[in-house]
Amino acid sequence: MHAPRPLRPSALLLLAVLALPLAAAAAGGGEFDVRAYGAVGDGRTPDTAAINRAIDAAAAAGGGTVVFPAGTYASYSVHLRSNLTLRLDAGATLLAAPPPPAGAPGGYDAPEPNPWDKYQDFGHSHWHNSLIWGENLENVAIVGPGRIFGRGLSRGQGRQDPLPGEPPPPRPTGAAAQPSPDAARAPGAGASGAAADPERPFGYPSPADTLPAGVGNKSIALKNCRNVTLRDFTIYHGGHFGILALATDNLTIDNLRIDTNRDGMDLDCCQDVRVANCTVNSPTDDGICLKSCFGLGYVRGCENVTITNCQVSGYEEGSLLDGTRKRTPRDRGGPTGRIKLGTEANGGFKNIAISNCVFDFCRGLALEEVDGGAMENISISNLTMRDIVNAPIFVRLGARGRGPDQPPIGAARRISIANVVAENVSPDHGILILGLPGHPIEDLRLSNILIEYQGGGTAAQAAREVPEGELEYPEPSRFGIIPAYGLFARHVRGLILDHVELRHVRDDARPALLLTDVADAEFTHLKVQAPAGGRALVLRQVQGLDLHDSPGLPETHRAGSTEHDEL
């Protein structure tokens, strides 16, 4: 009997390579190292196929952890699976690869068809054209401490958004140069105000923001998922969205650092959500944003959400992560970077709690219900704000109605905002509370609030009339400079101010408060500065006012209606 021939070195090497995935999974106890499936991690070689092979292997094994060891992994669309964890180890970066040239094949997955994309912009309407995406999944996690770098992603203007300091892409021409339909004034009107195509009542899909197949515009996109955890990683330059989650329930987002070129995180029609310990810098769009759009083709609310121990800011992109916190002045009302409910709000917002959050060099808190839903049972407490460039608190009930069959006007009620301290606040808007005629904001309580404004308002500004703007995009700047420096409330029923102090640094000729069409107002321990030779409070069509224990203001109890008065 002949002895078996020894294998040649080349054959031994081939067997070793073929055995690597099995050995990696077995040795790791359910861990699947992307390098074992062919990933190079040099930041240049596309690792998309290797990463997705590792994910498929984990899914075939019933679940597991796909591991990215230290290295830079250039990739296009990564496909999440159920019962899967992606782990970015220390020193690991998942890099969004640059899109292929226009007309060339490959790149990111194509945006999936969505018959409801006429009700919101392209970015909100598609999920597959992302660096990482998952749909109809359960038990999914992405964990750090590594980094996601959206280098090759678009923010909706051009195929790839430049990094800070790089030249902007060429301006589009032709149809793609049209302004965004967000500028539309009314349903049935396009961006120019002219009658729109009935199949595109709000101007969407719009050539201005539609991206072709092969171009990605989100770092992470989730749709119809449940039991999801995102924890301990960093997103830099994340594209149109660092995170876009639609109808994703039992979602935990914890200890993320996001420094990005548009939205930080948008949680849309999501329920049972916990956001904690996150730092989000987003100078050109919202930091942490809740929505309830019509992208599913039906109404679904954003409900049972807590946001706590977070910081939002509008520093120059990248300067949060490098520690310089550069405060670069910007056009269009200054940096954004805030916490917001809205604007997309077909399904409304219910049982929302926001606490222990810091706003720095950004816009203020915004609560916006303009698409027919109900915004109710909202509790907000312990906010500190500095260098706020518009209204520190903005509550808006509007009639934009971006949805099928012109949705009815919604509701905003049972809202409590407490323990807010703000300094160096823009003098333009004050606290801005705007309902609609016949549709008041109801049961709004502001308590233990101290806001110091820059001041400088003029008598001409004090005489200004504020347009209703019920069909406008809901942003404080759309209403112009407000004729009260501290608080302007219109169409409100059940307004309570308790231990509220409003003051300014420079002299201001405007009253502190102006109330119009307000019923059942109760003010206790209100402290404000009155203009020289003027009155602190201006009342127009106020039905019922109790004012007590407020220094410099008369004790007042009025059960009837006041057409016009000053206190």
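This is a predicted model: local features need pLDDT of at least 70, side-chain atom pairs count only at pLDDT 80 or more; totals for chains, interfaces and linings use all residues.

Reader: Where is Pro 145, and about what omega goes with its cis peptide bond?

Author: Look in the loop between β9 (138–143) and β10 (147–149) for Pro 145. A cis peptide bond joins Gly 144 to Pro 145, with omega at about 20°.

Reader: OK, zooming out: how many helices and strands does the protein chain have?

Author: The chain has 567 residues, and 56% of them count as buried. Among contacts between residues at least 6 apart in sequence, 70% join residues at least 24 apart. As for secondary structure, the count is four helices and 34 strands.

Reader: Is His 237 buried or exposed?

Author: His 237 lies in the loop between β13 (234–236) and β14 (241–246). Its phi is positive, about 60°, although His 237 is not a glycine. The relative accessible area of His 237 is 0%, and the cut-off for buried is under 20%, so His 237 is buried.

Reader: And Arg 325, how does its accessibility class come out?

Author: Arg 325 is in the loop between β22 (311–313) and β23 (339–345). Phi of Arg 325 is positive too, near 50°, in a residue other than glycine. With 44% relative accessibility, between the 20% and 50% cut-offs, Arg 325 counts as partly exposed.

Reader: Now the rings. Why does the pair of Phe 68 and Tyr 73 get its label, and what is that label?

Author: There are eight aromatic pairs in the structure. In the pair of Phe 68 and Tyr 73, the ring centres are 5.4 Å apart and the planes meet at 80°; planes over 60 degrees apart get one particular label, so this pair is edge-to-face.

Reader: How many residues apart in sequence are the parts that Tyr 119 and Phe 294 tie together?

Author: Tyr 119 and Phe 294 make an edge-to-face pair, with 5.6 Å from centre to centre and 90° between the planes. Ring pairs also link Tyr 119 and Phe 294 with Trp 116 and Phe 202 into a cluster. Tyr 119 is in the loop between β7 (92–96) and α3 (122–125), while Phe 294 is in the loop between β20 (288–292) and β21 (302–308), so the parts they tie together are apart by 175 residues.

Reader: Which residues touch the most other members in the largest nonpolar core?

Author: That core has 116 residues. Beyond its neighbours within four places in sequence, Phe 523 is in contact with residues including Leu 495, Leu 513 and Leu 545. The residues that touch the most other members are Ile 433 and Phe 523.

Reader: What separates the C-alpha atoms of Leu 545 and Phe 523?

Author: Leu 545 is in strand β33 and is buried, with a relative accessible area of 2%. Along the chain, Leu 545 and Phe 523 are 22 residues apart, but their C-alpha atoms are separated by 7.8 Å.

Reader: Last one: what volume does the second largest pocket have?

Author: Its lining includes Ala 462, Pro 511 and Glu 566, and divides into seven nonpolar, two polar and three charged residues. The volume of the second largest pocket is about 180 Å³.

How values were computed
Residues are numbered from 1 along each chain as its sequence is written. Side-chain values use heavy atoms; hydrogens and water are left out. On a 1 Å grid over the protein atoms alone, a cavity is a set of points where a 1.4 Å probe fits but cannot get out, and a pocket is an open set with protein on both sides within 12 Å along at least five of seven lines; lining residues have an atom within 4 Å of a point. Grid points are joined across faces, edges and corners, and a volume is the space filled by probe spheres set on the points. Ala, Val, Leu, Ile, Met, Phe, Trp, Tyr, Cys and Pro count as nonpolar, Asp, Glu, Lys and Arg as charged, and the others, Gly among them, as polar. A nonpolar core is a set of buried Ala, Val, Leu, Ile, Met, Phe, Trp, Tyr and Cys residues joined through side-chain atoms within 4.5 Å. Buried means under 20% relative accessible area, exposed over 50%, partly exposed in between (1.4 Å probe, protein chains only). Contact means heavy atoms within 4.5 Å. Rings of Phe, Tyr and Trp (its six-membered ring) pair if their centres lie within 6.5 Å; planes under 30 degrees apart count as stacked, over 60 as edge-to-face and the rest as tilted. Helices (H or I, at least four residues) and strands (E, at least two) are DSSP runs, numbered from the N terminus.
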